[in-house]
Amino acid sequence: MEYRPLGKTGVQVSSIGFGASPLGNEFRPVTASEGERAVDAAIDRGINFFDVAPYYGRTLAEERLGNALAGKRASVLLATKCGRYDREDFDFSADRTYASIEASLLRLRTDYIDFYQVHDVEFGSVRQIVDETIPALQELQRQGKVRFIGITGYSLGVLRQIASQARVDTILSYCRYNLLSDELDRSLRPFAESAGIGLINASPLHMGVLTVQGPPAWHPAAPEVLAAGKRAVDLLVQQRVDPSVFALRYCLDYPNAATNVVGMSSAENVAANCLALETPIDPGLLAAVHEAVAGGYNKPWPSGIPENAAFG
Ligand code: NAD
């Protein structure tokens, strides 16, 4: 495994991170034992960064990850979230945050969270997150329940806006740096770099688009993005290259994100994804893939409440 420094936290994270949303059956039904084997395989391979949220499977992913990590907590860095509890249930108040962390700690069977993150910030008021949510996280830090503070979301403008007004250690964004997008690098990386904030690149497979089985029905991308992803997958399969391994390796070659958090629900996923570390990309094939995705490249979907639209 390869490890990289995460901003100024002093922590080294594995360049492949374990995304636990599939443990909450977000992509397909997964059994508890299948999920446990995936977590074990990840730890065996040296993956030390695990990302989850109460929202994934409406607490199921946290519960399963907590069970799978029993006795192994000390060997991993655990990232979870507050603020999003269901598709349309957001609550960024300090009171809900204090209640939520206690429930997360119980489900995760631990007494501290390494990275506590405000989830999908573009669905909240920037003012409330800066003046109330992040100060609540700082209070939890003083109490020793949280080591580092982060924010997550799809809207790069809102993430930048919040991080320029409140101190955060990490920013996680998703579907913004992979074979279908380089917006993270253009819109957020320069700011994060100058502020010493660690960048976490989530969804390197564009939430399933860059896999043979394809995206889930709820995927928010426009049809031309899904079609572009499918063209890339078909091209890679034709060349006898595993599209997910190729897509992940493309992200691993980007040095400015400390970790690439990929959703994994089986030991086979873990093994395939770790293969990416030793499977360099053929530049000729990459040029062909870039050409194949051209019609769906950097085409974001709208996300968040109307008052945040102005932040981009
Ligand atoms: P992803 O791009 O990582 O794709 C996950 C899908 O690909 C799942 O169906 C998984 O089973 C499949 N997959 C993984 N490895 C594979 C392989 N080798 N071959 C074939 N299929 C494979 O998308 P994601 O899971 O949505 O994102 C990764 C993680 O990032 C999440 O689990 C979550 O932890 C984090 N995330 C956070 C936010 C947020 O905070 N707002 C948003 C999105 C994702």
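## Terms for the helix angle

The structure discussed here is a predicted model.

## Helix 4 against helix 5

Helix 4 covers residues 126-142 and helix 5 covers residues 156-163. The two pack at an angle of about 45°, and their axes lie 10 Å apart. Helix 4 and helix 5 are therefore oblique to each other. The crossing in which helix 4 passes helix 5 is right-handed.

On the helix 4 side, the contact is made by Val126, Ile129, Val130 and Ile134. Helix 5 contributes Val158, Gln161 and Ile162. Of the residues in this contact, 6 are nonpolar and 1 is polar, while none is charged.

## The chain as a whole

The protein chain that holds these helices has 10 helices and 10 strands. Its radius of gyration is 18 Å, close to the 20 Å given by the globule rule for 312 residues, so the chain is as compact as a globular protein of that length.

## Burial and contacts

Of the 312 residues in the protein chain, 58% are buried. Contacts within the chain can also be sorted by separation in sequence: among those between residues at least 6 apart, 76% join residues at least 24 apart.

Notes
Residues are numbered from 1 along each chain as its sequence is written. This is a predicted model: local features need pLDDT of at least 70, side-chain atom pairs count only at pLDDT 80 or more; totals for chains, interfaces and linings use all residues. Side-chain values use heavy atoms; hydrogens and water are left out. Axes are lines fitted to C-alpha atoms, for helices over the stretch in contact, and angles run from 0 to 180 degrees between N-to-C directions. Helices (H or I, at least four residues) and strands (E, at least two) are DSSP runs, numbered from the N terminus. Angles under 35 degrees count as roughly parallel, over 145 as roughly antiparallel, 65 to 115 as roughly perpendicular and the rest as oblique. A crossing is left-handed if the near helix is turned anticlockwise from the far one by less than a right angle, and right-handed if clockwise. Contact means heavy atoms within 4.5 Å. Ala, Val, Leu, Ile, Met, Phe, Trp, Tyr, Cys and Pro count as nonpolar, Asp, Glu, Lys and Arg as charged, and the others, Gly among them, as polar. The radius of gyration is taken over C-alpha atoms; the globule rule is 2.2 Å times the number of residues to the power 0.38. Buried means under 20% relative accessible area, exposed over 50%, partly exposed in between (1.4 Å probe, protein chains only).
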